[in-house]
Every structure is written in structure tokens, then in C-alpha cells.
Amino acid sequence: MAALTTEEKLQHFEDICTGDALKKYEQAVSDYTAYEEKILNEHKENARKQAALQIAAEKERIARETNKNLSLGQIEIRRSYSRKDEELRGKVFSELRDKLARFMETPKYDALLEAQIKKEKAFAGSSEIHIYIDPSDREKQNLLSLRTDCDIRVSQYPFLGGTRAVIASKNILIDNSFETKLKEAEQDFQFSL
């Protein structure tokens, strides 16, 4: 092997130093790039998690708001239904009262009173019974007494027609008044959808 000149030695030393420095530089750049990629990936992952949390929170908020709006809508629908129900119920029973008033002017009403009185008298058997008619039926009192062979009394309190009977010895009230029947019908009445 031939002896190297000073310039060659210097060149060889420079090549070794620059090569070593270049390797260190490349290694430092590679390490820094890897570190930056790791930081970037962690940042992306955190951003994804944060976005997912925000989306979940927003979905929950929207669901709560939707449920609240649905509840308010249902309440308003129920109120509207209730108002309409009351309005229609009022019309139905107003018409029913009008029909009852017209019915009370017919001979069929007189026959109904007579049938009720006979049924009440039969129920009482040998017990004393007091049968009452509505004050508006006062003019029918004598005719009903003759046809049923009962002592018919006119009530002090109006009850829209029909009859009421009291069997005092058995502590029984027989209420066949239209007022009671209407109240029962109103309580039990429901519109079916």
C-alpha cells in the first residue's frame, strides 16, 4: 500500500468526518421526523376523539330537544283534543236535552211514566212507597194516580222528568229521573277514535 500524501490524508479525514456528520444529520432528521409524525398522529387521534365526543354531545342535545318538542306537541294535541271533546260532548248532551224536552211532550213519555210507576210499585210490594214526579209534570199527577192506583206526589226539586220513589221502611231510593240518567251518561260517555 502506498503512502498517502498529506492532501490525500486530509481528504480522507474530511470524507470520514463529513460522512459521519451526514449520518448523524440524517439520523437526527429521521428521529425528528418520526417524533413529529408521532405528535401529528396523536394530535389527529385526539382531534378525532374530541370530534366524536362533540358529535355525541350534539346528538344527545338534539335528541333531548326533539323529545322536549315532541312532548310539548303532544301536550298541545291533548289540550286541543280535550277542548274539542268538551265542545262535542256539550253539543251532544245539549241535543239530547232538547230531544228529551220534545219527548216529554209526547204520549210515549206519559206511557214511560206509567210504566216506571208500576215497576216501582211492584218492587215495593206491600211496603209503603212514595212516588214523585217532576214539577214540570204537575198536570199529569191526577191521571197517573188513576192509571196506576198510586199516590203520586210532585217533587219540590226539579229533576228533568222521569220518576223518583222512596221506600222509607227499607231505606231505598229508586231514581229513574232523567237528570240522574243524563249525569250517568255524561260520566260514562267517551268518543271512540
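Buried residues are those under 20% relative accessible area, exposed residues those over 50%, and partly exposed residues those in between, with a 1.4 Å probe and protein chains only.

## Basis of the description

This is a predicted model, in which local features need pLDDT of at least 70 and side-chain atom pairs count only at pLDDT 80 or more, while totals for chains, interfaces and linings use all residues. Residues are numbered from 1 along each chain as its sequence is written, and side-chain values use heavy atoms, with hydrogens and water left out.

## Overall form

The secondary structure of the protein consists of four helices and four strands. Helices (H or I, at least four residues) and strands (E, at least two) are DSSP runs, numbered from the N terminus. Along the sequence they follow the pattern α-α-β-α-β-β-β-α. The protein has a radius of gyration of 50 Å, well over the 16 Å that the globule rule gives for 193 residues, so it is more spread out than a compact globule. This radius is taken over C-alpha atoms, and the globule rule is 2.2 Å times the number of residues to the power 0.38. Taken along the principal axes, the box filled by the C-alpha atoms is roughly 160 × 35 × 25 Å.

Of the 193 residues in the protein, 21% are buried. Accessible areas come from the Shrake-Rupley method with a 1.4 Å probe; for residues, only the protein chains shown count as cover. Among contacts (heavy atoms within 4.5 Å) between residues at least 6 apart in sequence, 60% join residues at least 24 apart.

## Aromatic pairs

A pair of aromatic rings is described by the distance of the centres and the angle of the planes. Rings of Phe, Tyr and Trp (its six-membered ring) pair if their centres lie within 6.5 Å; planes under 30 degrees apart count as stacked, over 60 as edge-to-face and the rest as tilted. The structure holds three aromatic pairs. In one of them, Phe93 and Phe189, the ring centres are 5.5 Å apart and the planes stand at 85 degrees, so the pair is edge-to-face. Phe93 belongs to helix α1 (residues 6–103) and Phe189 to the segment after α4 (178–188), so the pair ties together parts that are 96 residues apart in sequence. Phe93 is buried, with a relative accessible area of 3%, whereas Phe189 is partly exposed at 23%.

Tyr109 and Phe178 form a tilted pair, with 5.7 Å from centre to centre and 55 degrees between the planes. This pair links distant parts of the chain, as Tyr109 lies in helix α2 (residues 107–124) and Phe178 in helix α4, 69 residues apart. Tyr109 is buried at 0% relative accessibility, and Phe178 is buried at 8%.

## Packing of helix α4

The buried residues of α4 are Phe178, Thr180 and Leu182. These residues pack against α1, α2, β3 (162–167) and β4 (172–177).

## Salt bridges

A salt bridge is a side-chain nitrogen of Lys or Arg within 4 Å of a carboxyl oxygen of Asp or Glu. The structure holds 15 salt bridges. One of them joins Glu179 and Arg164, with the closest N and O atoms 3.2 Å apart. Glu179 lies in helix α4 and Arg164 in strand β3, so the pair ties together parts that are 15 residues apart in sequence. Glu179 is partly exposed, at 24% relative accessibility.

Glu87 forms a salt bridge with Lys84, and their closest N and O atoms are 3.5 Å apart. These two residues are three residues apart in helix α1, a separation of about one helical turn. Glu87 is partly exposed at 37% relative accessibility, as is Lys84 at 44%. Asp151 and Arg153 form a further salt bridge, with 3.5 Å between the closest N and O atoms. Glu58, Arg61 and Glu65 are linked in a network of salt bridges.

## A nonpolar surface patch

Patches are made of residues with over 30% relative accessible area and no salt bridge; like charges are joined within 9 Å, and nonpolar side chains (Val, Leu, Ile, Met, Phe, Trp, Tyr) within 5 Å. Leu22, Tyr25 and Val29 form a nonpolar patch on the surface, with about 300 Å² of accessible area together. Val29 lies in helix α1 and is partly exposed, at 37% relative accessibility.
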